[in-house]
Amino acid sequence: MPLLTTQSAKGYGFSSLVATVSAIGSPAYESIATTTIGSGGQSYVEFGSIPSTYKHLQLRATMMCSSVNNMYVQVGNGSIDTGANYSWHQLYGNNTNFFSNGGGGASFGYVGYNYNTSYPNPSIIDFADYANTNKNKTWKALAGSDVNGSPSYVQIWSGNWRSTSAINTIRITPGSGTFTQYGSFALYGIKG
Amino acid sequence: MAVTYEPIQSYTTTGSQATVTFSSIPGTYTDLVLQGSTRRGINGAGDAGWNLIFNGDSGANYSVAMLYSGGSTGGTGKNNFFYTGAVGDGVFCANTMSIMNYASPSINKTALTHSFVYGNGSPAIDTRVFCNLWRSNAAITSITLSPASGFWDGSVLTLYGIKAA
């Protein structure tokens with residue numbers, strides 16, 4: 001079952017690295033919600049009721065997994081879209097080679113490949129202009145899975161949701177198994 | 001009010017500086033972001049990375065997966081430092097490194113980095129992404145960067161903290 005912690009932490013501070021324009025003293029990068037996986041594990045993580053008041057979203061995660069698998073992303077407005085409305089591309093390197101791949105007409109996008117079960121799998125996903133109802137939605141991700149040996153991966157992803165609806169729900173799902181204890185997911189809003 | 005994204009420490013190197021250390025890093029954030037504009041202490045071929053360690057740990061507890069352009073393929077490695085970041089020859093290279101859940105006592109530490117490299121080797125110019133692993137559950141309280149040939153005068157490194165709700 002989804003676990004969502006919806007909290008707002010509004011504060012005043014710097015917006016140094018975030019390419020936004022904001023009035024001096026107003027917060028540009030805000031924490032929207034955070035979830036940490038407990039001892040019972042979770043089959044997926046979902047952020048719902050995402051406010052439309054930001055310009056972009058960033059999801060920062062450290063994923064702990066029960067089985068070696070890929071990581072799916074789905075989004076929606078009101079509910080998760082499970083239709084064939086996603087496309088994706090990836091570029092990744094392992095021990096000795098690099099690979100590129102892509103797909104369209106899919107029922108999900110990818111934001112992780114071959115995540116391991118022994119070490120944390122970090123991921124940073126940026127959803128650009130997520131609430132704009134005049135365009136389809138896109139995101140990019142930087143992710144990795146280092147297993148202190150072979151094969152270890154670093155990955156670049158892009159994704160597209162062919163809908164002009166504002167995104168107010170995001171779900172991350174492991175292709176198999178579950179998220180395990182100590183994994184964490186944090187959603188941030190970036191103002192423009 | 002709570003601040004979500006704020007600077008912790010910043011350094012601008014003077015002269016040719018061998019090492020930069022961020023110390024006494026508070027454990028109150030969720031992630032750290034190390035933003036750099038860095039150049040080598042001297043020009044020449046050889047390693048162009050930051051050679052970064054945590055908490056003074058110089059043991060063989062680090063590993064990396066990397067992907068880089070410039071005609072090269074991906075690669076991995078095991079080191080006694082994070083092979084990440086970039087220092088250039090004659091130019092200041094852009095770097096952004098995210099250190100995830102750095103204060104958690106329950107998991108090993110990972111980082112994701114995107115860097116532009118300008119070197120004197122082969123390839124001379126490339127872009128690189130890294131995924132690094134430090135096999136320690138210790139909270140990170142210090143970060144030391146010691147690139148081969150040090151940092152050139154005017155290299156800037158700024159450490160930010162990101163705090164989740």
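Predicted model: local features only at pLDDT ≥ 70, side-chain atom pairs only at ≥ 80, totals over all residues.
**View 1. A salt bridge joins Glu30(A) and Lys191(A).** The N to O distance is 3.7 Å. Glu30(A) lies in strand E2 of chain A and Lys191(A) in the segment after E14 of chain A, so the pair ties together parts that are 161 residues apart in sequence. Strands (E, at least two residues) and helices (H or I, at least four) are DSSP runs, numbered from the N terminus. Glu30(A) is buried at 1% relative accessible area, and Lys191(A) is partly exposed at 26%. Here buried means under 20% relative accessible area, exposed over 50%, and partly exposed in between (1.4 Å probe, protein chains only).

**View 2. Strand E2 of chain A pairs with strand E14 of chain A.** Seven bridges join E2(A) to E14 (residues 184–190) in the antiparallel sense; two strands pair if DSSP finds at least two bridges between them. Tyr29(A) is set opposite Ile190(A) of E14(A). In E2 (residues 29–36), seven of the eight residues are buried, so this strand is largely enclosed by the rest of the structure.

**View 3. Strand E11 of chain A has antiparallel partners E10(A) and E12(A).** Six bridges connect E11(A) to E10 (residues 121–128), and nine connect E11(A) to E12 (residues 153–161). Lys140(A) is the bridge partner of Asp126(A), and Ser158(A) in E12(A) is the bridge partner of Lys140(A). Seven of the nine residues of E11 (residues 137–145) are buried, so this strand too is largely enclosed by the rest of the structure.

**View 4. A salt bridge between Arg60(A) and Asp31(B) crosses between chains.** Its N to O distance is 2.7 Å. The pair runs from strand E4 (residues 56–63) of chain A to strand E3 (residues 31–38) of chain B. Both ends are buried: Arg60(A) has a relative accessible area of 5%, and Asp31(B) has 2%.

**View 5. Asp89(B) and Arg40(B) form a salt bridge within chain B.** The closest N and O atoms are 2.3 Å apart. Asp89(B) sits in the loop between strands E6 (75–79) and E7 (93–100), and Arg40(B) in the loop between E3 and E4, 49 residues apart. Asp89(B) is buried at 8% relative accessible area, as is Arg40(B) at 2%.

**View 6. Three strands of chain B form an open sheet in the order E2-E10-E4.** The pairing is antiparallel. E2 (20–22) and E4 (52–54) are the edge strands, each pairing on one side only. E2(B) is joined to E10 (residues 143–145) by three bridges, and Thr21(B) has Thr144(B) as its bridge partner. Chain B as a whole has eleven strands and zero helices, and 55% of its 165 residues count as buried.

How values were computed. Residues numbered from 1 in each chain as written. Chains lettered and ligands numbered in written order. Heavy atoms only, no water. Salt bridge = Lys/Arg side-chain N within 4 Å of Asp/Glu carboxyl O.
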